[in-house]
Amino acid sequence: MTAQPGGRQKPFHVVSPVLESLPLSKAAGTKVFMKLENVQPTGSFKIRGIGHLCQEAAKKGCRQFVCSSGGNAGVAAAYAAKKLGLPITVVIPSTSGSIPKRKLEELGATVEVYGKAFDDANRRAQELLRTEGCVSIHPFDDPLVWKGHSSLVWELKDSLETKPDAIVLSVGGGGLLAGVVEGLHQVGWQDIPIIAAETQGAHSFHEALKAGHLVTLPDITSVAKCLGAKTVAARALECAQQCQIISQVVEDTEAVGAVEQFLDDERMLVEPACGAALATLYTGRLQRLQREGQLQTPLTSVVVVVCGGSNISTAQLQAMKGQLGME
């Protein structure tokens, strides 16, 4: 771990590429730039916020981490803990599958499988926090996590010649959304609309926006398990008061179809959670929002956050297609 001038630690994330996608641009009817968070050291954007939180906790004398996660956040926390030389226990729900469990164990984490959804795993993680010197690493609901994620927007400002007309991203618990909104305000881009994508069956943010208050889904029925928070962070709902946020809910078949199309188009395999954002571009939703007057016409460019691809394999993609009757 390299120290930066002034005693600041070097962050655990990398400056990810911003590339124009010709296939996505053709599908969306405007220039589309991809912010490739799937190439982060842990395979997702989570290392930005989680890494920042872990570094800050270590500075204050933390001796052990506990994290609840559907997958990507736990891998990011385990990676940060290993970098910091500290032990970590990660509680994952049974629906996370074998890939994150294997990756967590390879990073030296103690892994406990508990419950069916993130919310179950999170309750168990809270029980483990009784150990002295133990710090909870929440995957999305922490101001330090949002601050870490805000670095993504600063990189966009450095990389792009002109301000984009919209940012497309996926919403699970709302941490990425909160971080992007924080970053937009920091760089003076708070007038950029955000298209917030979820899959049907993991659409707790959409339901909260519709109700005007937090809503807890009875269960997570989507195949996009990494979007599987039954209740979003309260901060995500507050963000809707500070930026124009357009909620879009896609079907599992659309998200998985987008994953397959993106693999063909860009030679990168991402998760259905990421496929939700890609599906808004592949399925003509951007053009529909323009026709409805929710987005300006014409659009000069949009950015899609390719949030992650660490918990997916080609075998899993084929299995999901079969499960959804897409074969």
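What distance separates the centres of domain 1 and domain 2, taken over C-alpha atoms, and how is the contact between them made up?

Author: This is a predicted model, in which local features need pLDDT of at least 70 and side-chain atom pairs count only at pLDDT 80 or more, while totals for chains, interfaces and linings use all residues. Residues are numbered from 1 along each chain as its sequence is written, and side-chain values use heavy atoms, with hydrogens and water left out.

The centres of domain 1 and domain 2, taken over C-alpha atoms, are separated by 24 Å; the contact (heavy atoms within 4.5 Å) takes 29 residues from domain 1 and 22 residues from domain 2. The domain assignment, whose bounds come from an automatic or database source, gives 18-45 + 142-322 as domain 1 and 46-136 as domain 2.

Between them the two domains bury about 2100 Å², 56% of it on carbon and sulfur atoms, where buried area is the accessible area (1.4 Å probe) that two parts lose on being put together, summed over both. Of the area that domain 1 buries against domain 2, T42, L144 and N311 supply 27%, more than any other three residues.

Two salt bridges (a side-chain nitrogen of Lys or Arg within 4 Å of a carboxyl oxygen of Asp or Glu) are counted between domain 1 and domain 2. E37 forms a salt bridge with R48, with the closest N and O atoms 2.6 Å apart.

On the side of domain 1 that touches domain 2, α6 (143-149) and α7 (151-159) each supply at least two residues, and the largest share, five residues, comes from α6; helices here are DSSP runs (H or I, at least four residues), numbered from the N terminus.
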